[in-house]
Each structure stands twice: as C-alpha cells, then as structure tokens.
Amino acid sequence: MAKDVGSARSCEMCLSWSVLRWTRTCQGCRAWKRTHPEVGVCPRCRHEAHLNTDGLCKPCLQAIRAVDDAEWALRVPGSRPRDLQLIIGAWRDYATQARKLVRSADGTRSVSQAWRLKFTQEQAPAGQAAVLLPGLRGQLALFTAPRTLTDATVRAIFGRPLSGWDRARGVLVEMAAEHGMSQGWYYQVGEMVRLALAVGEAEGTVRLPEPALRDLPTHGDAVRLVLLRAGLLEPAPEPMRFSRRDLPTLTRYITTPVPIPPLAPRQCRDCHSWIPAGRRAGFRCTACRHWREKHPRGRCTRCSREDLPLRAERCRTCHAYRLLDQAWPATSRATQLEIVLPTGVRGPALPVPVGSPPAAPEQTPAGLTARGQEALFTLRRDWSPLLARLRGRPRAELPLTETARMLVEEYGQMRRDQQTPDYRKNVHTLTIVMYWLGAESAIFERDVHDLAQLDPNLAAKPVCQFLRRCGLLVDDPDLNRNADLAWIEATLATLPQPAASEVRTWVDVLRSQGRREGENRSWDGIRRYLTYLQPALTAWTAAGVTTLREITQQQVESALESLSGHARRQLAIALRSLFRSLKRQRIVFRDPARNLPVGDLKGVPRSVPSDLLRGLLDHASCPIGRLTVALAAVHALSGHDIRTILTANTDLARGTLEIRRGLLRHTLYLEEFTHRQAAEWLAYRHRRWPACANPHLLVSQKTALDPDRPAISTNMLRAVLPKGVTLDSLRQDRILNEAFESADPLKLMRLFGITERTAMRYVGTAHPERTAKLPR
C-alpha cells in the first residue's frame, strides 16, 4: 500500500502552508505549544494564540524577524497593530527560532544593537525617499511591472551595502584591466551593476533574472557579462540583447554579440498598414518614408487625420481613391486595411479604377466570406429589408449554392412527415438563412432568432438544432440560458441592495451552495417560490425597507392577512424557507417567520360523475390519449408522473411500469387494459417516428425529433380529456374509489405510492365515522 504523504493545507496556528498529515498544525507549532502553554491575545496581531515570554505569538515572532520590524522588536510604546502575515516555506528558518527578542542580563533589560540600528533606519527623516527597499528572499511576485530606473535612483542607493557587490567589483576590475577600458567606463558600468544588484534585493532573489536588465538605463550588455562572470545572474533560456547598436565596432569586451531579435508585427504610423515581423524599417513602411521625404505635412481632407504628408490635400492612403471620389461624391470616406508584403509591384500607388456602378442590393445576397476568415467587427443584423424584398417570392426560387441546397434537402428529408404549415416554416427559415448567409461559413444563433422574430411563419429553434448538429452554428450563451434562471435574475435586479443580495443568498442555499449541503432544488421550483414572494418583497421595499434584517414578525403576518386558501399557504411556505435559510447563513439575527402557521389542506377529494367517465375512451381517439386515460383513471398517476415516464422503465414482458419520484421508485403492475394500450402506443410510436431518440414514453410531433429530448407539455395531456375532466380529478376519483372499497391506508400506500398522510386523508373522506374524534 502506498504511504499517505498528506496534503498541503494551512496550519491552524501560524496559517503557513505545508504538507500536513493527520494533524491540523505544523511541526513547528506543535513544538511551540509544548514550550509555550500560555494562551492569550497577541498585542501585535490581536489574535488569541500561544504566547512566548515576550508576549508574542509564533506568526508575529516570525514576521518581526522576517521583515525586520524593529518597532515591535524594541516594544516601542504606542506601536500600531500589524496584520497577520501569511508565511510559506519558513520552516527551519532563522525566523522560526523561539528565542526571545529582548534578552535580560544581570536583571536589567539589554537590547541588541542590530535592532537599534534598524529602528534608527526606519525612523529616518521623511525627506529621504525609500528606493528599492530589500524584499523578503524566496518569495515569488504575483504581478511584475517594469521599473523606471533613472540617475536619481542611482544617487538614492549610493553608499548602500549591497549583497554580491564585492564579487561583482572584482570582476569589473578584471574586465577593465583585460580590455584596457577607461576609468570613466569603470564608474559608469559600476553604477549600473550596483543598480542591478539593488533591483535583485528588492525582488528578493539570490540571482537576478536576466530579463530584469531591460530596466537599466544604459550598459545592459556590459552588466550582463559582469554578473554572469560573478555568478550573480540567472541566465535566460536564450541569450538576450539590450543594445540596438553594432556592439563589436564600439566595444572590445564583446567579441561575439547576441543577435538582435527580429521585430514583431507592427502598424505603420501613417497609413496604419501592418508591417510583417522581421523587417527593420522602423514604425513606418517604406512607401510612407519615401512619401514623407517628398510632400509637406498637414491635415488630410478625406480621412481628417493630422500631421500627415499630403499630395493634393490627400494623404498617401486616400490619394488612391481620388478618381472614385470624383465619380461618386457620396462614396464612404473609410480606407482599406493594408498589409505590407515583402514583395510587390514597385512604383507609385495606382488609383482605384472607376468601373460600372455596383449592382443593386435587391439582386445579390450578402457578401459571403471564405471558410476560415473571421470578421473584424460584428454587428447585429437587421433582417427587415431582406424580408420585405422576399415578400411574395416563392422560397423554391431562391438561388442557393450546391452545399446550401444539399443542407436544405437533408433537412426536408428529416421533416418529411411534417408537411403542415406549422412545420414548413422550419424549411422556409433554413432556406432564407442559406440564401443570404451561405453554407461556407459559420452562422450565429442570434441571427436565426432575430430572423424568426420578424415573421410568425418562421421558426428558429429547430433550425438552430439542425445547424448545430452540422457544426455550422455559433452558439449564443444568452439564448441557451435556462428560462427560469433568467427570470429569477431579472426579478432580483428590480430589488434594491442589500435586499437583492440577501434574496440571492437564499437562492444559492436552495441550489445547495450554502454553508451546509442540502437538497438541490430545480430552477422552476425556485421560480415558483419567488413568484409568491415577489409581491411581499416589492411592498416591503416600497415602504422603505432596504434589508431583510428590518423585517419583523408583524410585517410577515401583515403580508398574509389579505390572502386565503392555496395562495396563503404557498406564501407562508416561501417566507419560512426564505428566513430560515438567511438565519442559517447568519445574515439575519432572528427568524420572524419561525412560528408562522402554514396550515393544511382543507379540501375534500371528490368523485367524477359517472356520465363523464363513461365517455373518456370515446373522446380519446389516438393511442396516446387512451394510454393517458388508463394511467390516470386506473393507476391514479399525476400529470407530472405521466409526462416523465421513461421508455426504459416500461417492461411489457413482465407487465410492469416503474415510476421515478426523486430518489423513490414506485412499480405499477399493469392489468390487461393498460397493458394493451401501452403496447398499441409503442407500436404506433415506432411506426410514426422510427428515428425517435427521446427517452420519454410519451412523445409528440414536436418532441419526437427534438435533439433536446424534452417531455411533452401538460396542455397536450389535457387535450385528450373531455371538457370538465382533469388529470387530478381522475386521480382523486380512483384513490377515493379504492378507499371506499378497502378502507385500508396501507393498501392505498402500496397500490398508489402515496404517503401515509395522504392515505389517511382519503380514508377519512370515504369513512368519516372511523376517523371522527369522539368527545370524552
């Protein structure tokens, strides 16, 4: 078995990160607790911890030594508290030693001279600016920024003792004597070497990284050689160059210079054309440099840019459009993006030729981009002019490319059984999209939805599903968001702060994202809760309530006074859930809805008249209708259970049907009538939609081929029932009829999968004499 090496986590005492195994404190803190059993409040960080004889906790003792906090080391009266610092990798370091900061000798207090010197340096006059202060060694910087080093920085560190300067000075003397350099060169390079060493101390590094030499004002290449020979530089993976001049002709100590890295792609400052990488033409292309030598500067009359060389009051980029502007004065004054290629036709720029006027936009679709190209700027498309142009024109006459025509035919084959006007609009939508945008580039989902919103005879969702399956759709995250979640966020946006944040916390708790793990509620369930809460929250905020901490028990009871029945019960349940969650999250101090009575169902189940039951099967003419009637009237299933039955849970060979209710399972044993209706429906479904992949047992014409595989709607189940009959009434009639026959609540629970409370309610309705409370 592999040995458990533990995991990296924070120590409970010093908060330092280390690999801890089986314990919650590091090895140093365990030893500290044994030698310092006294527990108190540290005066430096104001935290309760084990204190040493100086009255300091272990993290503060480490921090005082690590950052040279002489003010607290000398116990200066009136010293301000410090923040508790996070220390990583300080185990077995000098800073972790437990000896006292202030020692006693011969009964008197004596203080180390080093701490007095550090305190004197900390109390330096305010006029002396702190420049490149030494940092804690071994730390890594989260963010790095270039330093601005000037002659003032060199003067600020003059005379400061720097680590490694003695080694670097010896190397500098050797290089000056070896190459015969002057005394001035020695002093100039020496100042830059000291500046580089000061930067290394400020960064907290033992060896200065080579890229940090970019910040030096001068002599970067000489400093690099000195520090490399002294062993004080961390070399880069590839040697770096810090001077743009030809160094071998100017210096004798650089015999093989590092090549200058090629320039990156950049933009010309005059014509804004992109210059390829590697060309050393500066920040202006060759054509613009020659143009600047011949023409005076001014403001271009076409693009209105300043300080450009002009010819006939136009810059070099706009001069090529002079003939086009003369032919059509209304031409847009925008210029084209150019890329300076390494090869091309020499000579002056040729003017843009004036040809025939462009074709009318009514005759050509939008410009189709080649595959692989991307748009620089994307704007939301307006489909209104296109629909007005295509009004009255048959969709079959629209010219399509070969790829687009094949896509439309493939989609038509998938929908060959849907030839009603409600479903032909899907083919019409795809034809318009393929005609105008083409099939050679990706199509944005937002464009399809914007097109469908302008005409009721067009549809977006089936077309987007088909394009997504073909890999031609660019999904829009805003359109694929959960509708209930979008409604919840829109509702919370109408509430003022901090009430909106408190309600959002309650939503997070219902989604099992609070301090305690709980049941994860669905977005539609949270939306129902918030629907009942919204009037009360709106009334409270209109009355001047800004936070739910101000809500009292009287205000909660007042919100329920004007309601009764089901509305009152649901609001009471939602209020209790809201304030109970906020109390557990420690946002409100007390729960004003804690003792709020929720109430119980007072209605009595009723039977369905026999004349309505007699005509149920005659009214249900299709297989799905007859199966729905059988499941509701015989097995007492609710509408939600009927909609969510899965085909995999239907076993006709054994005559069983499994109902999933959360984590619970209820098995139905099908009698002959229901078994026959289920077999007929499965045969009809396979014959009608052989390619159906929807896992639900009941599907419709919309959901059978939908890639999202949704369940059928409740409205479709209601359509198979006659007027005056609902699925809930059929379910209640079946359970009540069984209660009249047996009067056994256990049998009702096993037969219909209901709770004991619901079973006793039906038994009490069928046999009130058996459950009545007799007087004593």
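Asp651 and Arg654 form a salt bridge, with their closest N and O atoms 3.8 Å apart; the term stands for a side-chain nitrogen of Lys or Arg within 4 Å of a carboxyl oxygen of Asp or Glu. This is a predicted model, in which local features need pLDDT of at least 70 and side-chain atom pairs count only at pLDDT 80 or more, while totals for chains, interfaces and linings use all residues. Residues are numbered from 1 along each chain as its sequence is written, and side-chain values use heavy atoms, with hydrogens and water left out.

How exposed are the two partners? Asp651 is partly exposed at 27% relative accessibility, whereas Arg654 is exposed at 71%. Here, buried means under 20% relative accessible area, exposed over 50%, and partly exposed in between (1.4 Å probe, protein chains only).

In total, the structure holds 28 salt bridges. One of them joins Asp270 to Arg284, with 3.3 Å between the closest N and O atoms. Asp270 sits in the loop between strands S9 (266-267) and S10 (274-275), and Arg284 in the loop between S10 and helix H9 (286-294), so the pair ties together parts that are 14 residues apart in sequence. Helices (H or I, at least four residues) and strands (E, at least two) are DSSP runs, numbered from the N terminus. Asp270 is buried at 6% relative accessible area, while Arg284 is partly exposed at 24%. Arg44, Asp69, Glu71 and Arg82 are linked in a network of salt bridges.

Turning to burial, helix H15 (residues 445-453) is mostly covered, with seven of its nine residues buried. Among them are Val448, His449 and Leu451.
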